[in-house]
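Reader: I'd like to learn how to read a few features off a model. Could you take me through them?

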Amino acid sequence: ESFQKPFPVNKNNFYITASIGILNIPDASKDSEELISAVDIALNEAKKSGKNCVTTFSDEMSHRMKHAQ
(Lines give C-alpha, C1' and ligand atoms only; values in the text may rest on other atoms or scores of the structure.)
Protein backbone atom coordinates (compact mmCIF):
# COMPACT_ATOMS: atom_id res chain seq x y z
CA GLU A 1 0.00 0.00 0.00
CA SER A 2 2.82 2.40 0.75
CA PHE A 3 4.10 2.18 -2.81
CA GLN A 4 0.71 3.09 -4.28
CA LYS A 5 1.07 6.64 -3.00
CA PRO A 6 3.23 9.06 -4.98
CA PHE A 7 6.56 10.27 -3.60
CA PRO A 8 6.82 14.02 -4.12
CA VAL A 9 10.27 15.24 -5.17
CA ASN A 10 10.85 18.84 -6.25
CA LYS A 11 7.17 19.38 -7.08
CA ASN A 12 7.03 16.14 -9.13
CA ASN A 13 5.25 12.95 -8.11
CA PHE A 14 7.05 9.64 -8.50
CA TYR A 15 5.57 6.17 -8.16
CA ILE A 16 7.53 3.09 -7.19
CA THR A 17 6.81 -0.44 -8.37
CA ALA A 18 8.59 -3.65 -7.45
CA SER A 19 9.19 -6.93 -9.25
CA ILE A 20 10.57 -9.69 -7.04
CA GLY A 21 12.03 -13.11 -7.87
CA ILE A 22 12.10 -15.71 -5.08
CA LEU A 23 14.08 -18.94 -4.81
CA ASN A 24 13.50 -21.63 -2.18
CA ILE A 25 17.10 -22.60 -1.40
CA PRO A 26 16.40 -26.12 -0.06
CA ASP A 27 15.00 -26.95 -3.53
CA ALA A 28 18.01 -25.57 -5.36
CA SER A 29 21.61 -26.43 -6.03
CA LYS A 30 24.26 -25.16 -3.62
CA ASP A 31 26.33 -23.72 -6.48
CA SER A 32 26.24 -19.91 -6.12
CA GLU A 33 26.18 -19.33 -9.89
CA GLU A 34 23.14 -21.59 -10.24
CA LEU A 35 21.40 -19.85 -7.33
CA ILE A 36 21.97 -16.43 -8.86
CA SER A 37 20.87 -17.66 -12.27
CA ALA A 38 17.70 -19.21 -10.84
CA VAL A 39 16.64 -16.11 -8.91
CA ASP A 40 17.42 -13.98 -11.96
CA ILE A 41 15.09 -16.17 -14.04
CA ALA A 42 12.35 -15.79 -11.42
CA LEU A 43 12.89 -12.01 -11.39
CA ASN A 44 12.66 -11.82 -15.18
CA GLU A 45 9.42 -13.83 -15.08
CA ALA A 46 8.04 -11.36 -12.52
CA LYS A 47 8.99 -8.44 -14.76
CA LYS A 48 7.29 -10.08 -17.75
CA SER A 49 4.10 -10.42 -15.70
CA GLY A 50 3.84 -6.69 -15.18
CA LYS A 51 4.43 -4.27 -12.37
CA ASN A 52 4.29 -5.19 -8.69
CA CYS A 53 4.68 -8.95 -9.22
CA VAL A 54 6.34 -11.63 -7.14
CA THR A 55 7.41 -14.88 -8.84
CA THR A 56 8.83 -17.97 -7.16
CA PHE A 57 11.32 -20.06 -9.11
CA SER A 58 9.61 -23.28 -10.26
CA ASP A 59 10.55 -26.69 -11.65
CA GLU A 60 9.42 -25.49 -15.09
CA MET A 61 11.82 -22.57 -14.87
CA SER A 62 14.55 -24.98 -13.75
CA HIS A 63 13.90 -27.15 -16.81
CA ARG A 64 14.20 -24.11 -19.11
CA MET A 65 17.39 -23.00 -17.33
CA LYS A 66 19.06 -26.41 -17.86
CA HIS A 67 18.13 -26.48 -21.56
CA ALA A 68 19.41 -22.93 -22.07
CA GLN A 69 22.93 -23.86 -20.93
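**Surface, pair and core**

Author: Val-9 has a relative accessible area of 40%, so Val-9 is partly exposed. Buried means under 20% relative accessible area, exposed over 50%, and partly exposed in between (1.4 Å probe, protein chains only). Val-9 sits in strand S1, residues 7–9. Mind that this is a predicted model: local features need pLDDT of at least 70, side-chain atom pairs count only at pLDDT 80 or more, and totals for chains, interfaces and linings use all residues. Residues are numbered from 1 along each chain as its sequence is written, and side-chain values use heavy atoms, with hydrogens and water left out.

Reader: How many salt bridges does the structure hold?

Author: The general idea is that side chains of opposite charge can pair when their charged atoms come close. A salt bridge is a side-chain nitrogen of Lys or Arg within 4 Å of a carboxyl oxygen of Asp or Glu. The structure holds 1: Lys-48 with Glu-45, the closest N and O atoms being 3.4 Å apart.

Reader: Where do Lys-48 and Glu-45 lie in helix H1?

Author: They are 3 residues apart in H1 (residues 32–48), so about one helical turn separates them. Lys-48 is exposed at 66% relative accessibility, whereas Glu-45 is buried at 19%.

Reader: Which residues make up the largest nonpolar core?

Author: In soluble globular proteins, nonpolar side chains tend to be buried together. A nonpolar core is a set of buried Ala, Val, Leu, Ile, Met, Phe, Trp, Tyr and Cys residues joined through side-chain atoms within 4.5 Å. Here the largest has 5 residues: Leu-23, Ala-38, Ala-42, Phe-57 and Met-61.

Notes
Helices (H or I, at least four residues) and strands (E, at least two) are DSSP runs, numbered from the N terminus.
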